[in-house]
Amino acid sequence: MEATTVHRFQYSSPWIDLRNFEGKPRGSLQYNHRSKENKRLRVLALAHFQPDKRRDHRQRSLSDKNSSALLETGSLLHSPFDEELVLKRKAEEVKQYLNGRSMYLVGMMGSGKTTVGKIMARALGYTFFDCDALIEQAMNGTSIAEIFEHFGESVFREKETEALQKLSLTYHQVVVSTGGGAVIRPINWKYMHNGISIWLDVPLEALAHRIAAVGTHSRPLLRGNDDGDESKDAYTVALNRLSTIWDARGEAYTNASARVSLENITSKRGYRSVSDLTPAEIAIEAFEQVQSFVEKEGL
Ligand SMILES: Nc1ncnc2c1ncn2[C@@H]1O[C@H](COP(=O)(O)OP(=O)(O)O)[C@@H](O)[C@H]1O
Ligand SMILES: O=C(O)C1=C[C@@H](OP(=O)(O)O)[C@@H](O)[C@H](O)C1
(Lines give C-alpha, C1' and ligand atoms only; values in the text may rest on other atoms or scores of the structure.)
(Ligands and ions follow the chains in the order given, each with its own letter.)
Protein backbone atom coordinates (compact mmCIF):
# COMPACT_ATOMS: atom_id res chain seq x y z
CA MET A 1 0.00 0.00 0.00
CA GLU A 2 1.32 3.42 -0.86
CA ALA A 3 1.62 6.24 1.62
CA THR A 4 -0.06 8.47 -0.95
CA THR A 5 -3.33 6.59 -0.68
CA VAL A 6 -3.49 5.84 3.02
CA HIS A 7 -3.60 8.56 5.59
CA ARG A 8 -4.33 6.72 8.76
CA PHE A 9 -2.06 4.41 10.60
CA GLN A 10 -3.53 2.11 13.21
CA TYR A 11 -1.69 1.06 16.30
CA SER A 12 -2.93 -1.49 18.79
CA SER A 13 -4.83 1.32 20.47
CA PRO A 14 -5.41 4.78 18.99
CA TRP A 15 -5.37 5.74 15.33
CA ILE A 16 -2.48 7.77 14.12
CA ASP A 17 -3.24 10.43 11.60
CA LEU A 18 -0.36 10.29 9.15
CA ARG A 19 -1.28 13.57 7.53
CA ASN A 20 0.57 15.25 10.37
CA PHE A 21 3.75 13.55 9.31
CA GLU A 22 3.67 13.99 5.56
CA GLY A 23 6.38 16.20 4.21
CA LYS A 24 4.79 17.47 1.01
CA PRO A 25 1.52 17.77 -0.90
CA ARG A 26 0.44 14.61 -2.65
CA GLY A 27 -1.99 13.37 -5.30
CA SER A 28 -3.10 15.64 -8.12
CA LEU A 29 -1.08 18.48 -6.71
CA GLN A 30 2.01 16.48 -7.41
CA TYR A 31 2.00 17.18 -11.17
CA ASN A 32 2.01 20.93 -10.61
CA HIS A 33 4.62 20.54 -7.97
CA ARG A 34 6.84 18.53 -10.34
CA SER A 35 6.60 20.96 -13.24
CA LYS A 36 7.36 23.84 -10.88
CA GLU A 37 10.29 21.86 -9.54
CA ASN A 38 11.59 21.21 -13.08
CA LYS A 39 11.36 24.91 -13.88
CA ARG A 40 13.19 25.74 -10.68
CA LEU A 41 15.91 23.22 -11.53
CA ARG A 42 16.38 24.80 -14.98
CA VAL A 43 16.84 28.18 -13.30
CA LEU A 44 19.31 26.67 -10.85
CA ALA A 45 21.19 25.00 -13.70
CA LEU A 46 21.58 28.35 -15.47
CA ALA A 47 22.81 29.92 -12.25
CA HIS A 48 25.30 27.09 -11.93
CA PHE A 49 27.02 28.00 -15.19
CA GLN A 50 27.47 31.66 -14.32
CA PRO A 51 31.03 32.04 -13.02
CA ASP A 52 30.23 34.38 -10.13
CA LYS A 53 27.73 31.88 -8.74
CA ARG A 54 30.34 29.15 -8.59
CA ARG A 55 31.99 30.58 -5.53
CA ASP A 56 31.64 28.66 -2.32
CA HIS A 57 29.45 30.66 0.06
CA ARG A 58 30.57 28.72 3.08
CA GLN A 59 34.32 29.47 2.94
CA ARG A 60 35.43 25.86 2.75
CA SER A 61 38.76 24.99 4.31
CA LEU A 62 40.38 23.43 1.25
CA SER A 63 44.05 23.24 0.47
CA ASP A 64 44.86 24.59 -3.02
CA LYS A 65 46.00 21.16 -4.17
CA ASN A 66 42.81 19.43 -3.10
CA SER A 67 40.73 22.27 -4.40
CA SER A 68 42.01 22.14 -7.97
CA ALA A 69 41.94 18.35 -8.10
CA LEU A 70 38.35 18.29 -6.97
CA LEU A 71 37.33 21.04 -9.32
CA GLU A 72 38.79 19.07 -12.22
CA THR A 73 36.88 15.92 -11.34
CA GLY A 74 33.77 17.97 -10.74
CA SER A 75 33.25 16.35 -7.38
CA LEU A 76 33.28 19.56 -5.39
CA LEU A 77 29.95 21.10 -4.53
CA HIS A 78 30.30 24.86 -4.82
CA SER A 79 27.13 26.29 -3.39
CA PRO A 80 23.65 25.42 -2.19
CA PHE A 81 22.57 25.73 -5.85
CA ASP A 82 24.97 22.99 -6.89
CA GLU A 83 23.97 20.84 -3.95
CA GLU A 84 20.32 21.08 -4.85
CA LEU A 85 20.98 20.14 -8.45
CA VAL A 86 23.24 17.21 -7.66
CA LEU A 87 20.82 16.01 -5.00
CA LYS A 88 17.90 16.06 -7.41
CA ARG A 89 19.90 14.32 -10.12
CA LYS A 90 21.15 11.62 -7.73
CA ALA A 91 17.66 11.07 -6.36
CA GLU A 92 16.26 10.57 -9.85
CA GLU A 93 19.05 8.14 -10.68
CA VAL A 94 18.71 6.05 -7.54
CA LYS A 95 14.92 6.02 -7.71
CA GLN A 96 15.09 3.91 -10.86
CA TYR A 97 16.77 1.15 -8.89
CA LEU A 98 14.49 1.24 -5.88
CA ASN A 99 11.22 -0.19 -7.22
CA GLY A 100 9.40 1.80 -4.56
CA ARG A 101 11.40 0.34 -1.69
CA SER A 102 11.45 2.42 1.47
CA MET A 103 14.53 3.68 3.27
CA TYR A 104 15.29 3.42 6.97
CA LEU A 105 17.88 5.72 8.46
CA VAL A 106 19.72 4.31 11.46
CA GLY A 107 22.48 5.86 13.54
CA MET A 108 23.34 7.17 16.97
CA MET A 109 21.30 9.92 18.59
CA GLY A 110 21.93 13.21 16.85
CA SER A 111 23.51 11.63 13.78
CA GLY A 112 21.14 13.58 11.52
CA LYS A 113 18.60 10.87 10.65
CA THR A 114 15.71 13.32 10.82
CA THR A 115 17.51 16.21 9.14
CA VAL A 116 19.00 14.14 6.31
CA GLY A 117 15.92 11.89 6.02
CA LYS A 118 13.67 14.86 5.28
CA ILE A 119 16.02 16.05 2.55
CA MET A 120 16.17 12.57 0.99
CA ALA A 121 12.39 12.19 1.09
CA ARG A 122 11.85 15.57 -0.55
CA ALA A 123 14.37 14.83 -3.31
CA LEU A 124 12.84 11.41 -4.02
CA GLY A 125 9.23 12.56 -3.77
CA TYR A 126 8.81 10.04 -0.91
CA THR A 127 6.93 10.59 2.33
CA PHE A 128 8.98 11.15 5.47
CA PHE A 129 8.21 9.58 8.85
CA ASP A 130 9.92 10.13 12.18
CA CYS A 131 9.52 6.95 14.22
CA ASP A 132 9.76 8.81 17.55
CA ALA A 133 7.00 11.20 16.49
CA LEU A 134 4.76 8.25 15.55
CA ILE A 135 5.36 6.68 18.97
CA GLU A 136 4.49 9.95 20.70
CA GLN A 137 1.26 10.14 18.74
CA ALA A 138 0.44 6.51 19.52
CA MET A 139 0.84 7.39 23.20
CA ASN A 140 -1.63 10.28 22.90
CA GLY A 141 1.03 12.94 22.60
CA THR A 142 3.20 11.72 25.48
CA SER A 143 6.76 12.83 24.79
CA ILE A 144 9.61 10.33 24.44
CA ALA A 145 11.13 11.63 27.67
CA GLU A 146 7.81 11.12 29.51
CA ILE A 147 7.36 7.62 28.06
CA PHE A 148 10.79 6.68 29.44
CA GLU A 149 10.04 8.29 32.77
CA HIS A 150 6.51 6.95 33.36
CA PHE A 151 6.48 3.61 31.51
CA GLY A 152 10.15 2.67 31.22
CA GLU A 153 12.37 1.87 28.26
CA SER A 154 10.81 -1.55 27.61
CA VAL A 155 7.39 -0.03 26.80
CA PHE A 156 9.11 2.48 24.51
CA ARG A 157 10.95 -0.35 22.71
CA GLU A 158 7.68 -2.27 22.21
CA LYS A 159 6.08 0.81 20.66
CA GLU A 160 9.14 1.33 18.49
CA THR A 161 8.89 -2.22 17.14
CA GLU A 162 5.15 -1.78 16.51
CA ALA A 163 5.82 1.42 14.58
CA LEU A 164 8.49 -0.21 12.41
CA GLN A 165 6.28 -3.22 11.80
CA LYS A 166 3.35 -1.10 10.64
CA LEU A 167 5.51 1.16 8.53
CA SER A 168 7.33 -1.67 6.80
CA LEU A 169 4.26 -3.82 6.19
CA THR A 170 1.95 -1.02 5.13
CA TYR A 171 3.98 1.47 3.16
CA HIS A 172 6.23 1.81 0.15
CA GLN A 173 8.09 4.91 -0.89
CA VAL A 174 8.75 6.29 2.54
CA VAL A 175 11.89 7.50 4.26
CA VAL A 176 11.90 6.68 7.97
CA SER A 177 14.07 8.25 10.63
CA THR A 178 14.37 5.56 13.30
CA GLY A 179 15.38 6.14 16.92
CA GLY A 180 19.05 5.54 17.68
CA GLY A 181 18.25 2.37 19.62
CA ALA A 182 16.07 0.70 17.00
CA VAL A 183 19.07 -1.36 15.91
CA ILE A 184 19.31 -3.36 19.15
CA ARG A 185 16.29 -5.59 18.51
CA PRO A 186 16.75 -8.21 15.77
CA ILE A 187 13.01 -8.13 14.99
CA ASN A 188 13.37 -4.47 13.99
CA TRP A 189 15.98 -5.46 11.39
CA LYS A 190 13.54 -7.95 9.94
CA TYR A 191 11.14 -5.07 9.30
CA MET A 192 13.79 -2.64 8.12
CA HIS A 193 15.16 -5.18 5.67
CA ASN A 194 11.85 -4.94 3.79
CA GLY A 195 13.41 -1.72 2.57
CA ILE A 196 16.95 -0.40 2.48
CA SER A 197 18.63 0.62 5.72
CA ILE A 198 21.22 3.38 5.79
CA TRP A 199 23.61 3.93 8.68
CA LEU A 200 24.69 7.52 9.27
CA ASP A 201 28.10 6.95 10.81
CA VAL A 202 29.13 10.12 12.62
CA PRO A 203 32.12 10.44 14.97
CA LEU A 204 31.08 10.56 18.62
CA GLU A 205 32.85 13.90 19.15
CA ALA A 206 30.71 15.53 16.45
CA LEU A 207 27.58 14.01 17.99
CA ALA A 208 28.54 15.30 21.42
CA HIS A 209 28.98 18.83 20.02
CA ARG A 210 25.53 18.69 18.41
CA ILE A 211 23.88 17.28 21.53
CA ALA A 212 25.58 19.85 23.76
CA ALA A 213 24.24 22.57 21.47
CA VAL A 214 20.59 21.41 21.50
CA GLY A 215 20.43 19.86 24.97
CA THR A 216 19.27 16.43 26.10
CA HIS A 217 15.66 17.37 26.78
CA SER A 218 14.21 15.00 24.17
CA ARG A 219 16.89 12.32 24.61
CA PRO A 220 16.48 10.75 28.05
CA LEU A 221 19.32 8.27 27.57
CA LEU A 222 21.81 11.11 27.26
CA ARG A 223 20.92 12.92 30.44
CA GLY A 224 23.95 13.10 32.68
CA ASN A 225 23.17 11.13 35.79
CA ASP A 226 26.49 9.56 36.65
CA ASP A 227 28.24 10.56 39.83
CA GLY A 228 30.23 13.70 39.24
CA ASP A 229 28.41 14.68 36.02
CA GLU A 230 27.35 18.00 37.55
CA SER A 231 30.92 19.23 37.53
CA LYS A 232 31.41 18.44 33.83
CA ASP A 233 30.44 20.55 30.83
CA ALA A 234 27.59 19.52 28.52
CA TYR A 235 29.98 18.31 25.79
CA THR A 236 31.91 16.02 28.15
CA VAL A 237 28.74 14.60 29.71
CA ALA A 238 27.27 13.91 26.24
CA LEU A 239 30.51 12.33 25.01
CA ASN A 240 30.72 10.01 28.03
CA ARG A 241 27.12 8.90 27.64
CA LEU A 242 27.47 8.42 23.88
CA SER A 243 30.64 6.35 24.35
CA THR A 244 28.88 3.99 26.77
CA ILE A 245 25.94 3.60 24.40
CA TRP A 246 28.27 3.09 21.45
CA ASP A 247 30.11 0.29 23.25
CA ALA A 248 26.81 -1.51 23.71
CA ARG A 249 25.39 -1.10 20.23
CA GLY A 250 28.03 0.13 17.79
CA GLU A 251 28.27 -3.31 16.24
CA ALA A 252 24.52 -3.46 15.57
CA TYR A 253 24.68 -0.56 13.09
CA THR A 254 26.80 -2.67 10.76
CA ASN A 255 23.66 -4.67 9.87
CA ALA A 256 22.59 -1.76 7.70
CA SER A 257 22.45 -2.21 3.92
CA ALA A 258 24.51 0.93 3.34
CA ARG A 259 26.93 2.97 5.44
CA VAL A 260 27.39 6.71 5.11
CA SER A 261 30.62 7.64 6.84
CA LEU A 262 30.93 11.36 7.48
CA GLU A 263 34.69 10.94 7.89
CA ASN A 264 34.91 9.37 4.42
CA ILE A 265 32.90 12.16 2.78
CA THR A 266 35.00 14.76 4.57
CA SER A 267 38.26 13.35 3.22
CA LYS A 268 36.77 12.71 -0.24
CA ARG A 269 35.81 16.38 -0.49
CA GLY A 270 39.03 17.63 1.04
CA TYR A 271 37.32 19.34 3.97
CA ARG A 272 38.99 19.80 7.30
CA SER A 273 36.21 18.65 9.59
CA VAL A 274 32.98 16.64 9.45
CA SER A 275 31.25 19.80 10.68
CA ASP A 276 31.98 21.34 7.25
CA LEU A 277 29.52 18.90 5.66
CA THR A 278 26.01 20.08 4.92
CA PRO A 279 23.01 17.76 5.40
CA ALA A 280 22.46 17.90 1.62
CA GLU A 281 25.97 16.62 0.94
CA ILE A 282 25.31 13.78 3.34
CA ALA A 283 22.03 13.00 1.59
CA ILE A 284 23.86 12.87 -1.76
CA GLU A 285 26.38 10.41 -0.34
CA ALA A 286 23.50 8.35 1.08
CA PHE A 287 22.00 8.07 -2.41
CA GLU A 288 25.38 7.02 -3.79
CA GLN A 289 25.80 4.33 -1.15
CA VAL A 290 22.25 3.07 -1.70
CA GLN A 291 22.88 2.87 -5.41
CA SER A 292 26.04 0.87 -4.94
CA PHE A 293 24.23 -1.46 -2.50
CA VAL A 294 21.43 -2.07 -5.00
CA GLU A 295 23.89 -2.61 -7.85
CA LYS A 296 25.77 -5.23 -5.80
CA GLU A 297 22.47 -6.85 -4.83
CA GLY A 298 21.65 -7.32 -8.51
CA LEU A 299 24.93 -9.14 -9.32
N1 LIG B 1 25.18 17.70 8.97
C2 LIG B 1 24.89 18.37 10.09
N3 LIG B 1 25.71 19.35 10.50
C4 LIG B 1 25.47 20.02 11.64
N5 LIG B 1 24.40 19.80 12.44
C6 LIG B 1 23.55 18.83 12.08
C7 LIG B 1 23.73 18.06 10.90
N8 LIG B 1 22.72 17.16 10.80
C9 LIG B 1 21.94 17.37 11.89
N10 LIG B 1 22.42 18.38 12.64
C11 LIG B 1 21.86 18.92 13.91
O12 LIG B 1 22.06 17.92 14.91
C13 LIG B 1 20.91 17.80 15.72
C14 LIG B 1 20.38 16.38 15.65
O15 LIG B 1 19.91 16.13 14.34
P16 LIG B 1 18.71 15.15 14.06
O17 LIG B 1 18.44 15.19 12.59
O18 LIG B 1 17.56 15.45 14.96
O19 LIG B 1 19.36 13.75 14.47
P20 LIG B 1 18.70 12.35 14.78
O21 LIG B 1 17.33 12.34 14.11
O22 LIG B 1 19.63 11.34 14.21
O23 LIG B 1 18.62 12.26 16.28
C24 LIG B 1 19.92 18.86 15.23
O25 LIG B 1 20.07 20.01 16.01
C26 LIG B 1 20.36 19.11 13.81
O27 LIG B 1 20.05 20.43 13.40
O1 LIG C 1 19.34 5.87 21.04
C2 LIG C 1 18.26 5.64 21.63
O3 LIG C 1 18.08 4.60 22.30
C4 LIG C 1 17.15 6.61 21.51
C5 LIG C 1 17.21 7.58 20.53
C6 LIG C 1 16.19 8.62 20.38
O7 LIG C 1 16.03 8.95 18.99
P8 LIG C 1 17.10 9.82 18.15
O9 LIG C 1 18.15 8.88 17.67
O10 LIG C 1 16.29 10.38 17.03
O11 LIG C 1 17.62 10.87 19.06
C12 LIG C 1 14.85 8.14 20.94
O13 LIG C 1 14.33 7.12 20.13
C14 LIG C 1 15.01 7.64 22.33
O15 LIG C 1 15.41 8.72 23.13
C16 LIG C 1 16.02 6.48 22.45
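A: One may begin with a term needed later: two residues are in contact if their C-beta atoms, placed from the backbone, lie within 7 Å. The model shown is predicted, and its chain contains 12 helices and seven strands.

Q: What confidence does the predictor assign to the chain?

A: The idea is that pLDDT expresses the predictor's confidence in each residue, from 0 to 100. Here the chain averages a pLDDT of 80, and 71% of the residues score at least 70. Over residues 1-74, however, the pLDDT is below 50, and this stretch has 80 contacts in the model beyond near neighbours in sequence. For the model, ipTM is 0.99 and pTM is 0.80.

Q: How many residues of the chain count as buried, as a percentage?

A: Burial is judged by counting neighbours: a residue is buried if 20 or more other C-beta atoms lie within 10 Å of its own. By this criterion, 34% of the 299 residues count as buried. As for the contacts with a separation of 6 or more, 77% of them join residues 24 or more positions apart.

Q: Which residues of H9 are buried, and why are they on the same side of the helix?

A: In helix H9 (204-214), the buried residues are Leu207, Ala208 and Ile211. They lie on the same side of H9 because they cover an arc of only 100° around the axis. Helix H10 (234-249) is included in what covers these buried residues of H9. After H9 comes Gly215, which has a positive phi, near 90°.

Q: Which residues are closest to ligand 1, and how many surround it?

A: Ligand 1 is surrounded by 14 residues, the closest being Gly112, Lys113, Thr114, Thr115 and Arg210. By class, this shell has seven polar, five nonpolar and two charged residues.

Q: Which helix gives the most to the shell around ligand 1?

A: Helix H4 gives the most, with three residues. At least two residues of the shell come from each of H4 (113-124), H9 (204-214) and helix H12 (279-297).

Q: Which residues surround ligand 2, and how do they divide by class?

A: The shell around ligand 2 consists of Met109, Lys113, Asp132, Ile144, Gly179, Gly180, Gly181, Arg219, Pro220 and Leu221. Four of the residues in this shell are nonpolar, three are polar and three are charged.

Notes. Residues numbered from 1 in each chain as written. Chains lettered and ligands numbered in written order. Predicted model: local features only at pLDDT ≥ 70, side-chain atom pairs only at ≥ 80, totals over all residues. Near = placed C-beta within 6 Å. Nonpolar A, V, L, I, M, F, W, Y, C, P; charged D, E, K, R; others polar. Helix = DSSP H or I, 4+ residues; strand = E, 2+ residues; numbered from the N terminus. Buried ≥ 20, exposed ≤ 12 C-beta atoms within 10 Å, placed from the backbone. Arc of directions from axis to C-beta.
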